[in-house]
Amino acid sequence: MKIEKDRVVRFHYTVSEVGQPPLESSKDREPIAILIGHNNIIPGLEAAMQDRQAGDSFSVDVPAAEAYGERREGLVQRIPKKHFGDMRLQPGMQVVLQTNFGPRAVTVQKVGLSVVDVDLNHPMAGKDLHFDVEIVEVREATAEEIEHGHVHGDGGHEH
Ligand code: ZN
């Protein structure tokens with residue numbers, strides 16, 4: 001069965017910045033599952049999956065614009081230190097902040113006595129990424145999954 005819109009793909013991936021060692025891999029966990037055609041993964045990777053099937057392996061370079069987007073200036077915010085609790089903060093460190101829009105990964109830029117400057121860009125914004133992908137399974141999505149816009153069961157949402 002080929003990968004196309006409204007099908008569920010389970011796959012393993014390893015991601016790195018182009019030319020760099022791996023940043024993250026699913027190989028030591030269960031494969032992840034996504035619903036194709038519902039903006040569940042970065043556009044460049046979804047496009048590279050089209051028409052492939054279970055058992056296929058491939059590598060693809062995804063430019064920043066089709067991954068997590070270009071870095072944007074003016075996304076640095078100054079936040080009272082108390083919001084970070086007891087964390088030992090260091091420049092370059094990534095932390096998850098609770099915001100009005102839910103949890104958000106930010107990068108610490110500068111640590112002051114009472115305030116912290118954080119960069120709200122996605123940690124992978126502005127980066128060209130290299131993916132090694134191994135397709136494990138392709139199946140039809142259920143009507144409920146399509147309605148919810150995400151996968152249920154193995155590798156997906158449990159609710
Ligand atoms: Zn659901």
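This is a predicted model: local features need pLDDT of at least 70, side-chain atom pairs count only at pLDDT 80 or more; totals for chains, interfaces and linings use all residues.

Trainee: Which atoms coordinate the zinc ion, and at what distances?

Mentor: The donors are ND1 of His148 and the NE2 atoms of His150, His152 and His159, sitting at 2.0 to 2.2 Å.

Trainee: How do I read the geometry of the site?

Mentor: Start from the ideal: four tetrahedral donors would give angles of 109.5 degrees. Here the angles among the four donor atoms run from 93 to 124 degrees, and the site of the zinc ion comes out as tetrahedral. The cut-off behind that call is that all angles lie between 85 and 135 degrees.

Trainee: What does the pair His148 and His159 tie together?

Mentor: Look at where each one sits. His148 belongs to helix 2 (residues 143-148), while His159 is in the segment after helix 2, so the pair links parts that are eleven residues apart in sequence.

Trainee: Are those two buried or exposed?

Mentor: Compare the relative accessible areas with the cut-offs: under 20% is buried, over 50% is exposed, and partly exposed is in between. His148 has 36%, which makes it partly exposed. His159 has 69%, so it goes down as exposed.

Trainee: Let's move to a strand residue. Where is Thr107?

Mentor: Thr107 is in strand 7, which covers residues 102-111. With a relative accessibility of 17%, Thr107 counts as buried.

Trainee: Which residues is Thr107 in contact with, leaving aside its neighbours within four places in sequence?

Mentor: There's one group at Gly92, Met93 and Gln94, and another at Asp117, Val118 and Asp119.

Trainee: Now zoom out. What pattern does the protein follow along the sequence?

Mentor: It reads β-β-β-α-β-β-β-β-β-β-α, with two helices and nine strands. For the chain's reach, check contacts between residues at least 6 apart in sequence: 63% of them join residues at least 24 apart.

Trainee: And how much of the protein is buried?

Mentor: Buried residues account for 37% of the 159 residues.

Trainee: Last one: how are the charges placed?

Mentor: Compare the mean positions. Those of the 17 positive and 26 negative charges are 9 Å apart. For scale, the C-alpha atoms fill a box of roughly 55 × 40 × 30 Å along the principal axes.

How values were computed:
Residues are numbered from 1 along each chain as its sequence is written. Side-chain values use heavy atoms; hydrogens and water are left out. Helices (H or I, at least four residues) and strands (E, at least two) are DSSP runs, numbered from the N terminus. Buried means under 20% relative accessible area, exposed over 50%, partly exposed in between (1.4 Å probe, protein chains only). Contact means heavy atoms within 4.5 Å. Lys and Arg count as positive and Asp and Glu as negative; His and the chain ends are not counted. The place of a charge is taken as NZ of Lys, CZ of Arg, CG of Asp or CD of Glu. Donors are N, O and S atoms within 2.8 Å of the metal (3.2 Å for Na, K and Ca); water is not among the atoms, so sites may look incomplete. Four donors count as tetrahedral if all angles lie between 85 and 135 degrees; four count as square planar and six as octahedral if opposite donors are over 155 degrees apart and all others between 65 and 115; anything else is irregular.
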